[in-house]
Amino acid sequence: MRYTTCHPGPRLAPFVQSLWLYDGEPRSHALERILPTGTAQLIVNLMEDETRVYEWCGPAARCERMAGTVLCGAHSRYCVIDTVEQQVVLGASFRPGGAFPFFGVPAGHLANAHVPLDALWGRRRAARLRERVLGAPTAESKLAALEDELCAVFAPPGLHPAVAFALTAFGRAPGTTTVAGVTAAIGLSPKRFIERFKAEVGLTPKSYCRVRRFQRALAAARAGRGVDWSTVALGCGYFDQAHFIHDFRAFSGMTPTGYCASRTEYQNHVKFLQSEDLSL
């Protein structure tokens, strides 16, 4: 397995967290549950030009097939993907609200969705990205090609000052900073602030904070060998254990114990078994 990552140059750094390339062996399981982070990713499947996302309606699965280069919008719920398409994958992980200047569409329209890149950039530009990356001979040159294409479509300005302020405040303490407190500090009406935040980040402020608090809980759980979920819940700002389990199920579709039993080496990738109870 080879995982190559880099930070973009100064122009993109405020918006793009990292550029990465994964080249690995086939996984031992066919499907993976991808947990929400509240941020967007551009994903290029270099193994095949197709992306498959699965949804379950009772015992039956529905597979949505689309082009291999997609924007995964900010999610507030998990999705299920095919592990075959993860064998050779290139991507850009955006910072919270960072995808907004690259795609010309309000981020709220892309939330909880996988959107083919050609629907956002047009067929010719999306095809050029894929062709440039496939033609690049090294991991580093593939990442450089991706950065070049992102620079070519980047359209400043970036985040609204109120949204940038809110993201900073939420980042310091997503479990305790209130939307009302942030709204009072920025001088916008609650309605206007929520609309602006959703348009640029993809989720409402409340949903975003809940997802980020969930991510803090996952990180805390992975920090030690044994997991005391009560301590994790308290440290991440949940009212009590019941509140924590409710949010955990809402975002992951599983219990904290189930997460520990099925997790992989990556925090947000969890083995998915078709026999699992999807009604959680």
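At the start of helix H10, a side-chain oxygen of aspartate 240 comes to within 3.2 Å of the backbone nitrogen of alanine 242. That is a polar contact (N or O atoms within 3.5 Å; within protein, one must be able to donate a hydrogen and the other to accept it, and residues adjacent in sequence count only if both atoms are side-chain atoms). This is a predicted model: local features need pLDDT of at least 70, side-chain atom pairs count only at pLDDT 80 or more, and totals for chains, interfaces and linings use all residues. Residues are numbered from 1 along each chain as its sequence is written, and side-chain values use heavy atoms, with hydrogens and water left out. Helices (H or I, at least four residues) and strands (E, at least two) are DSSP runs, numbered from the N terminus.

**Helix H10**

- H10 covers residues 241-252, 12 residues in total. Its span from first C-alpha to last is 16 Å, close to the 16 Å expected at 1.5 Å a residue. The expected span is 1.5 Å times one less than the number of residues.
- His243, Phe244, Asp247, Phe248, Phe251 and Ser252 are the buried residues of H10. They fall within an arc of 135° seen down the axis, so they line one face of the helix. The arc is taken over the directions from the helix axis to the C-beta atoms.
- Buried means under 20% relative accessible area, exposed over 50%, and partly exposed in between (1.4 Å probe, protein chains only).
- An α-helix has 3.6 residues a turn, so residues three or four places apart point the same way.
- Exposed Ala242 and His246 sit on the face of H10 turned away from its buried side.
- The cover over the buried residues of H10 includes strand S3 (31-34) and helices H8 (205-222), H9 (229-235) and H11 (256-262).
- Glycine 253 follows H10, with a positive phi near 75°.

**Aromatic pairs**

- The whole structure holds 20 aromatic pairs. Rings of Phe, Tyr and Trp (its six-membered ring) pair if their centres lie within 6.5 Å; planes under 30 degrees apart count as stacked, over 60 as edge-to-face and the rest as tilted.
- Tyrosine 3 and tryptophan 20 have ring centres 6.5 Å apart and planes at 25°, so this pair is stacked. Tyrosine 3 lies in strand S1 (residues 2-6) and tryptophan 20 in strand S2 (residues 16-23), so the pair ties together parts 17 residues apart in sequence.
- Tyrosine 3 is partly exposed at 44% relative accessible area, whereas tryptophan 20 is buried at 10%.
- Tyrosine 22 and tyrosine 266 pair edge-to-face, at 6.3 Å centre to centre and 85° between the planes. Tyrosine 22 is in strand S2 and tyrosine 266 in the loop between H11 and strand S11 (269-272), 244 residues apart.
- Tyrosine 22 is buried at 9% relative accessibility. Tyrosine 266 is partly exposed, with 25%.
- Phe214, Trp229, Tyr238, Phe244, Phe248, Phe251 and Tyr259 are linked by ring pairs into a cluster.

**Charges over rings**

- Arginine 33 lies over the face of tyrosine 78, 4.5 Å from the ring centre. Arginine 213 lies over the face of tyrosine 238, at 4.4 Å.
- The criterion is NZ of Lys or CZ of Arg within 6 Å of the ring centre and within 35 degrees of the ring normal.

**Buried residues and their contacts**

- Contact means heavy atoms within 4.5 Å. The lists below leave out residues up to four places away in sequence.
- Glutamine 215, in helix H8, is buried at 9% relative accessibility. Its side chain makes a polar contact of 2.9 Å with the side chain of glutamine 267. Glutamine 215 touches Pro36, Thr37, Gln267 and Asn268.
- Leucine 12 is in the loop between S1 and S2 and is buried at 0% relative accessibility. Leucine 12 touches Phe102, Glu147, Leu150, Cys151 and Phe154. Leucine 12 and phenylalanine 154 are 142 residues apart in sequence, yet 8.3 Å apart C-alpha to C-alpha.
- Glutamine 86 is in the loop between strand S8 (79-82) and strand S9 (88-94). Glutamine 86 is buried at 12% and touches Tyr22, Glu32, Ile81 and His269.

- Asparagine 112 has a positive phi, near 55°. Most residues other than glycine have a negative phi.
- Asparagine 112 sits in the loop between helix H1 (100-103) and strand S10 (114-116). Asparagine 112 is partly exposed, at 21%.
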